[in-house]
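Subject: Handing over the structure

Hello,

Here is the structure I promised you. Please open it and keep it beside this email as you read.

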Amino acid sequence: GSGTAVIYREDEEKSSESSGPTTMKGWTYSEYGAAKDVLKFEDSIPVPEVKPDEVLVEVKAAALNPVDGKRRIGKFKATDSELPHVPGYDVAGVVVKVGSDVTKFKEGDEIYANVSEAALNQPRQYGSLAQYTAVQEKLLAIKPKNLSFAEAASLPLAIETAQEAFDRANLKEGQTVLITGGAGGVGSLAIQLAKNVYGASHVATTASTGKLNFMKSLGADKVIDYKNEKFEELSDKYDVVLDTVGECSKCVKVVKEGGAVIALTGALEPPGVRFVVTSNGDNLAKLTPYLESGKVKPVIDSKGPFKFSQVVEAFEYLETGRATGKIVIGPV
Ligand SMILES: NC(=O)C1=CN([C@@H]2O[C@H](COP(=O)(O)OP(=O)(O)OC[C@H]3O[C@@H](n4cnc5c(N)ncnc54)[C@H](OP(=O)(O)O)[C@@H]3O)[C@@H](O)[C@H]2O)C=CC1
Ligand SMILES: CC[C@H]1OC(C)=C(O)C1=O
């Protein structure tokens with residue numbers, strides 16, 4: 001669907017100079033731990049200040065990523081921003097204020113973004129699971145016209161990860177790709193990008209028995225049911241292997257001589273390499289034609305979108321590791 005979800009909020013606190021609300025509702029945690037233990041819904045969080053290179057976004061929808069959970073349990077505390085945090089990397093919404101150095105966006109623009117340029121190194125303290133969030137201009141892209149806010153919010157971090165992985169692997173038209181975990185947030189977009197953006201001639205993927213047809217519908221040429229067969233024992237070799245599961249040692253067995261193995265998580269084995277996704281608005285905008293033409297489609301887990309009040313349940317579902325596509329929160 002498309003169109004703008006306009007939500008009238010009569011409970012917003014207006015500041016005197018009518019520069020907009022000074023407090024907002026949102027989800028926060030002040031200590032590391034499990035979602036049900038540490039996530040709190042607050043109704044008077046200070047609306048973030050807007051730095052010169054940032055815009056203030058009225059959040060219409062947000063999406064969850066595994067990194068939200070890993071961060072919340074303190075896995076990356078050594079390089080994390082200070083607590084308390086508002087979680088959430090993925091956002092779609094409307095620009096309501098622009099900083100003094102902003103040139104490419106204006107109030108009223110419908111945008112989407114991954115709000116943290118570096119996912120693990122000083123990620124934003126106040127993320128997208130609140131009514132407003134501040135985002136650097138260089139991370140923003142205009143929302144594809146045909147996508148709802150929920151559909152757009154489902155994309156940034158996962159699609160930027162797939163795009164960066166294939167760019168780092170130098171994936172070329174006509175090459176063959178294996179994507180482990182094709183049914184996940186990254187995998188479900190990576191299959192589509194490999195086929196319809198990078199022009200791979202053959203895309204294989206792994207998923208469990210009940211998801212095989214869904215993988216075919218996304219464009220996979222070969223779907224391996226990891227409950228019944230081991231891809232690393234099959235004879236096929238690939239130019240590029242994107243591992244979204246964390247099984248690099250198996251992936252290096254099926255990469256062609258001189259091919260690339262990109263591991264998103266888990267222990268590495270040569271020639272496997274890992275990277276941490278960098279948020280970049282220009283890279284996201286490169287995908288607009290594919291998204292607006294339907295060549296690449298958002299994939300939203302059918303349990304969602306989850307209501308703004310259901311963020312703990314949404315994280316608990318994500319952390320089962322069984323999500324199909326993306327877990328979206330909205331309307332916010
Ligand atoms: N390095 C980086 O910058 C980034 C790293 N990541 C990491 O990559 C991983 C994937 O992220 P994301 O896609 O969002 O995760 P998801 O939570 O969306 O992945 C869930 C999916 O994984 C599938 N899955 C689980 N185990 C296996 C398996 N053994 N073989 C095949 N499929 C499997 C599940 O399918 P089924 O139910 O069939 O098992 C499910 O559909 C996470 O660990 C995340 O932290 C993600 C983004 C960026
Ligand atoms: C170690 C990679 C780390 O970074 C992101 C974004 C994840 O999801 C991770 O696990």
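First, a term you will need: helices and strands here are DSSP runs, numbered from the N terminus. A helix has at least four residues, and a strand at least two. Also keep in mind that this is a predicted model.

**The largest pocket**

Start with the empty space. Rolling a probe the size of a water molecule over the atoms shows where empty space is left. The largest pocket has a volume of about 1,300 Å³. Its lining counts 50 residues, and the closest to the pocket centre are Pro66, Lys70, Thr244, Val245 and Thr265. Helix 2, helix 4, helix 5 and strand 9 (202-207) are the elements that each give two or more residues to this lining.

Which element gives the most to the lining of the largest pocket? Helix 2 does, with four residues. By class, the lining holds 22 nonpolar, 16 polar and 12 charged residues.

**Ligand 1**

Ligand 1 takes up space that is the largest pocket. Helix 2 (66-72), helix 4 (156-168) and helix 5 (185-196) are the elements that give two or more residues to the shell around ligand 1.

How many residues surround ligand 1? There are 24, and the closest are Lys70, Ser208, Tyr226, Arg322 and Ala323. In this shell, 12 residues are nonpolar, nine are polar and three are charged.

- Val186 uses a backbone N or O atom, which lies 2.9 Å from an oxygen atom of ligand 1.
- Phe275 has a polar backbone atom 2.8 Å from a nitrogen atom of ligand 1.
- Arg322 brings in its side chain: an N or O atom there is 2.6 Å from an oxygen atom of ligand 1.

**Ligand 2**

Ligand 2 comes next. The space taken by ligand 2 is also the largest pocket. The residues around ligand 2 are Val67, Lys70, Ala119, Leu120, Leu264, Arg274 and Val276. Five of the shell residues are nonpolar, none is polar and two are charged.

Look again at Lys70. A polar atom in the Lys70 side chain lies 2.7 Å from an oxygen atom of ligand 2. The protein covers 83% of the 290 Å² of accessible area that ligand 2 has on its own.

**The backbone**

Last, some backbone details. Most residues other than glycine have a negative phi, and most peptide bonds are trans. Here are some exceptions to look up.

Where are the cis bonds? One runs from Pro270 to Pro271, with omega near 0°. Pro271 sits in the loop between strand 12 (255-263) and strand 13 (272-273). Another cis bond runs from Gly304 to Pro305, with omega near -5°. Pro305 is in the loop between helix 9 (288-292) and helix 10 (311-318).

Then check phi. Gln122 is not a glycine, yet its phi is positive, at about 55°. Gln122 lies in the loop between strand 5 (110-114) and strand 6 (132-136). Asn170 is not a glycine either, and it has a positive phi of about 55°. You will find Asn170 in the loop between helix 4 and strand 8 (176-180).

That is the handover. Start with the pocket, then the ligands, then the loops.

Best wishes

Note on methods:
Residues numbered from 1 in each chain as written. Chains lettered and ligands numbered in written order. Predicted model: local features only at pLDDT ≥ 70, side-chain atom pairs only at ≥ 80, totals over all residues. Heavy atoms only, no water. Near = heavy atom within 4 Å. Polar contact = N/O pair within 3.5 Å; in protein donor to acceptor, adjacent residues only side chain to side chain. 1 Å grid on protein atoms, 1.4 Å probe; cavity = no way out; pocket = protein on both sides within 12 Å on 5 of 7 lines; lining within 4 Å. Sits in = over half its atoms within 2 Å of the grid points. Nonpolar A, V, L, I, M, F, W, Y, C, P; charged D, E, K, R; others polar. Points joined across faces, edges and corners; volume = space filled by probe spheres on them. Areas by Shrake-Rupley, 256 points an atom, 1.4 Å probe, with all protein chains shown as cover.
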